[in-house]
Amino acid sequence: MSRLFFVPAMRLHLLFDLDRTLWDFDGNADRTYRAMFEEFGLRNLCNVDYEVFHERYRVINDTLWEAYRNGTLSKELLSVRRFSYTLEAFGCDAESPEIIRLSKRMGEYYVEEGTRQTGLMPGARELLEWLHPQKDKYSLSVITNGFSEAQLPKMKTAGIDKYFDYFFLSEDIGYMKPDRRFFDAAIAKMGVTPEQCIVIGDDYKVDILGAMSAGISQIYYNLSGAPLPEGSPKPTYEIRELREIINLIL
Ligand SMILES: [Mg+2]
């Protein structure tokens with residue numbers, strides 16, 4: 001495998017996405033939703049099994065997140081509607097005060113319970129432990145669009161916050177990935193150039209195209225090996241497993 005960075009004196013700044021890149025978002029969320037499903041008695045309320053409820057939630061949540069990223073939906077509405085719309089899909093009235101109240105409580109529960117989950121992506125901890133003692137060669141940062149009240153506690157509970165020099169949260173920066181201003185602001189804060197950085201992320205559209213637009217090299221963590229959309233620009237590197245990163249940056 002070819003080496004990415006050759007100049008030994010240059011410190012490489014690794015910017016990691018968090019959800020689905022380091023933190024096992026899907027595994028952790030699944031445990032959280034299952035607990036929520038029991039806690040709020042949703043089987044009876046919606047007359048449906050967890051799997052059906054969760055699949056519908058996932059689709060609704062993805063759509064609402066897209067609107068949040070585009071700036072057409074506020075965080076507060078996203079937090080409530082992802083649950084009220086799902087409840088509506090199973091016969092509840094999304095506009096009724098009870099359902100809105102219930103959805104708010106579910107939103108709070110989700111953040112609280114979610115931050116107690118500690119699952120990481122395969123090889124994430126090993127990679128961070130390999131990188132951490134080599135501070136002269138590598139600096140580590142997190143770049144995330146996730147809610148700020150969730151992201152830091154999540155990293156603390158999972159015991160990975162100690163590995164990072166910077167946490168770049170879209171809510172603090174004022175722009176969300178893939179907006180290039182998010183990446184510009186992060187590297188300006190670090191006082192480095194795009195050439196000294198590399199972005200590692202699982203989301204082609206959000207992490208990879210965003211980094212590309214800011215002139216930063218990218219490692220696309222494509223766990224499932226799904227093909228890129230037709231005619232889309234290739235990432236600098238594509239990997240299926242996190243440990244492959246070591247060979248790319250050695
Ligand atoms: Mg991600």
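Let's start where two helices meet: α4 and α5 cross in a right-handed way. Keep in mind as you look around that this is a predicted model.

**Two helix pairs**

Helix α4 covers residues 75–89 and helix α5 covers residues 97–114, and their axes come within 8 Å while crossing at roughly 125°. That angle makes α4 oblique to α5. Which residues do the meeting? On the α4 side you'll find Ser79, Val80, Phe83, Ser84 and Leu87, and on the α5 side Ile99, Ile100, Ser103, Lys104, Met106 and Gly107. Sort the residues of this contact by type and you get six nonpolar, four polar and one charged.

Now move along to helix α9 (residues 180–190) and helix α10 (residues 204–213), which pack with their axes 8 Å apart at an angle of about 70°. These two are therefore roughly perpendicular to each other. The crossing of α9 and α10 is right-handed. Arg180, Phe182 and Phe183 of α9 meet Gly210, Ala211 and Ser213 of α10. In this contact, three residues are nonpolar, two are polar and one is charged.

Here are the two pairs set out together:

| Helix pair | Axes | Angle |
|---|---|---|
| α4 and α5 | within 8 Å | roughly 125° |
| α9 and α10 | 8 Å apart | about 70° |

**The sheet**

Next, find the strands. Six of them form an open sheet, paired in parallel, in the order β3-β2-β1-β4-β5-β6. Which strands stand at the edges? They are β3 (166–169) and β6 (237–239), and each has a single partner strand, so one side of each has no neighbour in the sheet. Going from one strand to the next, the twist averages 20°.

Let's zoom in on β4. Strand β4 (residues 197–201) pairs with strand β1 (residues 12–16) in the parallel sense, over four bridges. You can pick out particular partners here: leucine 14 has isoleucine 198 of β4 as its bridge partner, and phenylalanine 16 stands opposite isoleucine 200 in β4. Strand β4 is also joined by four bridges to β5 (residues 217–221), and the two run parallel. In that pairing, isoleucine 200 stands opposite isoleucine 219 in β5.

Is β4 enclosed or open? Five of its five residues are buried, so the strand is largely enclosed by the rest of the structure. Both of its faces are covered, with Cys197, Val199 and Gly201 buried on one side and Ile198 and Ile200 buried on the other.

**A glutamine to look for**

Finally, find glutamine 151, which sits in helix α7 (residues 148–157). Is glutamine 151 buried or exposed? It counts as buried, because 22 other C-beta atoms lie within 10 Å, and the cut-off for buried is 20 or more. Leaving out residues up to four places away in sequence, glutamine 151 touches Leu18, Thr144, Gly146 and Leu169. One of these contacts, Leu169, falls within the residue range of the edge strand β3 (166–169).

Definitions and conventions. Residues are numbered from 1 along each chain as its sequence is written. This is a predicted model: local features need pLDDT of at least 70, side-chain atom pairs count only at pLDDT 80 or more; totals for chains, interfaces and linings use all residues. Two strands pair if DSSP finds at least two bridges between them. Axes are lines fitted to C-alpha atoms, for helices over the stretch in contact, and angles run from 0 to 180 degrees between N-to-C directions. Angles under 35 degrees count as roughly parallel, over 145 as roughly antiparallel, 65 to 115 as roughly perpendicular and the rest as oblique. A crossing is left-handed if the near helix is turned anticlockwise from the far one by less than a right angle, and right-handed if clockwise. Two residues are in contact if their C-beta atoms, placed from the backbone, lie within 7 Å. Ala, Val, Leu, Ile, Met, Phe, Trp, Tyr, Cys and Pro count as nonpolar, Asp, Glu, Lys and Arg as charged, and the others, Gly among them, as polar. A residue is buried if 20 or more other C-beta atoms lie within 10 Å of its own, exposed if 12 or fewer, and partly exposed in between; C-beta atoms are placed from the backbone.
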